[in-house]
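Please look over the sequence and the model shown here. A short briefing on the fold follows, grouped by topic.

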Amino acid sequence: MVVGISGASGVIYGVRVLDALKEMGIESHLVISRAALLTLSQETDLTPDDVTDRASVVHKINDVGATIASGSFRTMGMIIAPCSVRTMGEIATGVTSTLLTRAADVVLKERRTLVLMVRETPLHLGHLKTMTALAEMGAVITPPLPALYARPESVEQIVDQSVGRALDLFGLEWHAVRRWEGLK
């Protein structure tokens with residue numbers, strides 16, 4: 001699985017995706033933007049090494065010769081968590097400037113699953129049109145929204161629920177997800 005972490009607020013979503021994949025024994029290929037590293041320092045006490053140590057393979061943001069830049073390198077897909085509006089825009093236009101957006105472009109062209117945990121609010125019409133274009137191309141737009149029916153008791157539970165539901169889109173079952181059990 002390719003994991004992209006862009007500079008939007010919510011870098012912990014990408015960190016928890018890496019944790020979940022490691023727990024499930026799934027190889028992860030991480031690409032993290034420079035802006036994400038800035039966000040990491042503002043939102044957490046984690047170091048860049050704390051994040052990269054969670055990944056099976058780490059790719060440099062400008063390494064356009066990386067395995068994940070080619071469709072012949074087989075993956076189950078890609079998740080970008082969080083996904084900034086800038087990253088979303090690059091993917092939608094196909095004009096990619098980094099390995100993060102190139103890898104996403106490859107996933108789309110190969111008809112693999114691309115999940116974008118878009119973090120922005122409020123949304124203007126341009127954002128919505130970009131999301132529509134991406135959905136028409138086959139991407140799944142999955143903003144990390146709290147599932148209050150799960151009665152989360154911490155921010156960690158809210159994050160894990162969103163991450164787990166995003167991983168559901170790849171057919172992966174992560175223990176942290178609380179499933180709806182109907183009305184009580």
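Buried means under 20% relative accessible area, exposed means over 50%, and partly exposed lies in between, with a 1.4 Å probe and protein chains only. This is a predicted model, in which local features need pLDDT of at least 70 and side-chain atom pairs count only at pLDDT 80 or more, while totals for chains, interfaces and linings use all residues. Residues are numbered from 1 along each chain as its sequence is written, and side-chain values use heavy atoms, with hydrogens and water left out. Helices (H or I, at least four residues) and strands (E, at least two) are DSSP runs, numbered from the N terminus.

- Six strands form an open sheet in the order 3-2-1-4-5-6, with parallel pairing; two strands pair if DSSP finds at least two bridges between them.
- Strand 3 (57–59) and strand 6 (140–141) are the edge strands, each pairing on one side only.
- Three bridges join strand 1 and strand 4 in the parallel sense, and Val-3 has Ile-79 of strand 4 as its bridge partner.

**Nonpolar cores**

- A nonpolar core is a set of buried Ala, Val, Leu, Ile, Met, Phe, Trp, Tyr and Cys residues joined through side-chain atoms within 4.5 Å.
- The largest such core has 28 residues, and those that touch the most other members are Met-1, Val-3, Ile-5, Leu-21, Leu-30, Val-51 and Ile-79.
- At least two residues of this core come from each of strand 1 (2–5), helix 1 (11–23), strand 2 (29–32), helix 2 (34–43), strand 4 (77–83), strand 5 (113–118) and helix 7 (155–168).
- Helix 1 gives the largest share of this core, seven residues.
- A second, separate core has 24 residues, including Val-31, Met-78, Ala-103 and Leu-108.

**Helices 4 and 5**

- In helix 4 (residues 85–93), the buried residues are Thr-87, Met-88, Glu-90, Ile-91 and Ala-92.
- Strand 4, helix 5, strand 5 and helix 6 (125–137) are among the elements that cover these buried residues of helix 4, where contact means heavy atoms within 4.5 Å.
- Gly-94 follows helix 4 and has a positive phi, near 75 degrees.
- Helix 5 (residues 99–109) is mostly covered, with nine of its 11 residues buried.
- Among the buried residues of helix 5 are Asp-105, Val-106 and Val-107.

**Backbone features**

- The peptide bond from Ala-81 to Pro-82 is cis, with omega near -5 degrees, and Pro-82 is in strand 4.
- Thr-121 and Pro-122 are also joined by a cis peptide bond, with omega about -5 degrees; Pro-122 is in the loop between strand 5 and helix 6.
- Arg-111, in the loop between helix 5 and strand 5, has a phi near 60 degrees, a positive value in a residue other than glycine.
- Arg-111 counts as exposed because its relative accessibility is 70%.
- Arg-151, in the loop between strand 6 and helix 7, has a positive phi near 50 degrees and is likewise a residue other than glycine.
- Arg-151 is exposed, at a relative accessible area of 68%.

**Cavity**

- On a 1 Å grid over the protein atoms alone, a cavity is a set of points where a 1.4 Å probe fits but cannot get out, and lining residues have an atom within 4 Å of a point.
- Grid points are joined across faces, edges and corners, and a volume is the space filled by probe spheres set on the points.
- The count is one cavity of 30 Å³ or more, and the largest cavity holds about 30 Å³ of space.
- Its lining consists of Val-2, Ile-68, Ser-70, Phe-73, Thr-75, Val-106, Val-107 and Arg-112.

Conventions: 1 Å grid on protein atoms, 1.4 Å probe; cavity = no way out; pocket = protein on both sides within 12 Å on 5 of 7 lines; lining within 4 Å.
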